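The following exercises are to be worked with the sequence and the model in view. Each task is followed by a solution in steps.

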Amino acid sequence: MTTTPTWHATALNDLENSGLSVAEIAAKYKRSVVTIRKLYQRSGVVRLNKPKTKGPTKRDNRLPISREHHAIGIRLNMARAGRGVKEFADTLGVSHVALAQMEVGQYDFRLSHLMAIAKATNLPIDALMQSFESNLYKNGRTNARH
């Protein structure tokens, strides 16, 4: 006859009553995620408090990474003009989600991305990265990041 380890009962209690994810419970009891999933499936426990779904953070209230990132985003948006997001994203070799983040200054560019953007906008990289500081920030507007 096999005995049930003591952590089984407490892990099952966590699965049933806490909002912890399977990965968080696995880390708590120093077990693998697969072990906790097997325990969950074999026990027939019903989760009363489902874990909160994680996922990408919303971009609504996030500020641009820097003035330069914001400037590149504005130039990208101007270069895209009336073209569709997916079409322009394919031109740059990025996903449409990455393009949306680029346009609001919340994407950290690689050199290959900057080269593709420079080609698409017909601007050299140094001109592309030049911020609009003289227009936006010298007239009393504070920096996006302090």
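**Exercise 1.** Is Ser18 buried or exposed? Locate the residue in the fold and describe the surroundings of its side chain.

*Solution.* The model is a predicted one.

Step 1. Ser18 belongs to the loop that runs between α1 (6-17) and α2 (22-28).

Step 2. The relative accessible area of Ser18 is 17%. Buried means under 20%, so Ser18 is classed as buried.

Step 3. Two backbone atoms are then to be found around the side chain of Ser18. The backbone oxygen of Asp14 is 2.5 Å from a polar atom of that side chain, and the backbone nitrogen of Leu20 is 3.3 Å from a polar atom of the Ser18 side chain.

Step 4. When neighbours within four places in sequence are set aside, the contacts of Ser18 are Asn13, Arg47 and Asn49.

**Exercise 2.** How many salt bridges does the model contain? Identify the partners and assign each a burial class.

*Solution.* Side chains of opposite charge can pair when their charged atoms come close.

Step 1. The search for a side-chain nitrogen of Lys or Arg within 4 Å of a carboxyl oxygen of Asp or Glu gives two salt bridges.

Step 2. One of them joins the side chains of Asp14 and Lys28, with an N to O distance of 2.9 Å. Asp14 sits in helix α1 and Lys28 in helix α2, 14 residues apart, and the pair thus links distant parts of the chain.

Step 3. With a relative accessible area of 11%, Asp14 is buried, whereas Lys28, at 47%, is partly exposed.

Step 4. The side chains of Arg80 and Glu103 also form a salt bridge, at 2.8 Å from N to O. Arg80 is part of helix α4 (residues 67-80) and Glu103 of helix α6 (residues 96-103), so this pair ties together parts 23 residues apart in sequence.

Step 5. Arg80 is buried at 15% relative accessibility, and Glu103 is buried with a relative accessible area of 14%.

Key: Residues numbered from 1 in each chain as written. Predicted model: local features only at pLDDT ≥ 70, side-chain atom pairs only at ≥ 80, totals over all residues. Heavy atoms only, no water. Helix = DSSP H or I, 4+ residues; strand = E, 2+ residues; numbered from the N terminus. Buried < 20%, exposed > 50% of the residue type's maximum accessible area, 1.4 Å probe, protein only. Polar contact = N/O pair within 3.5 Å; in protein donor to acceptor, adjacent residues only side chain to side chain. Contact = heavy atoms within 4.5 Å.
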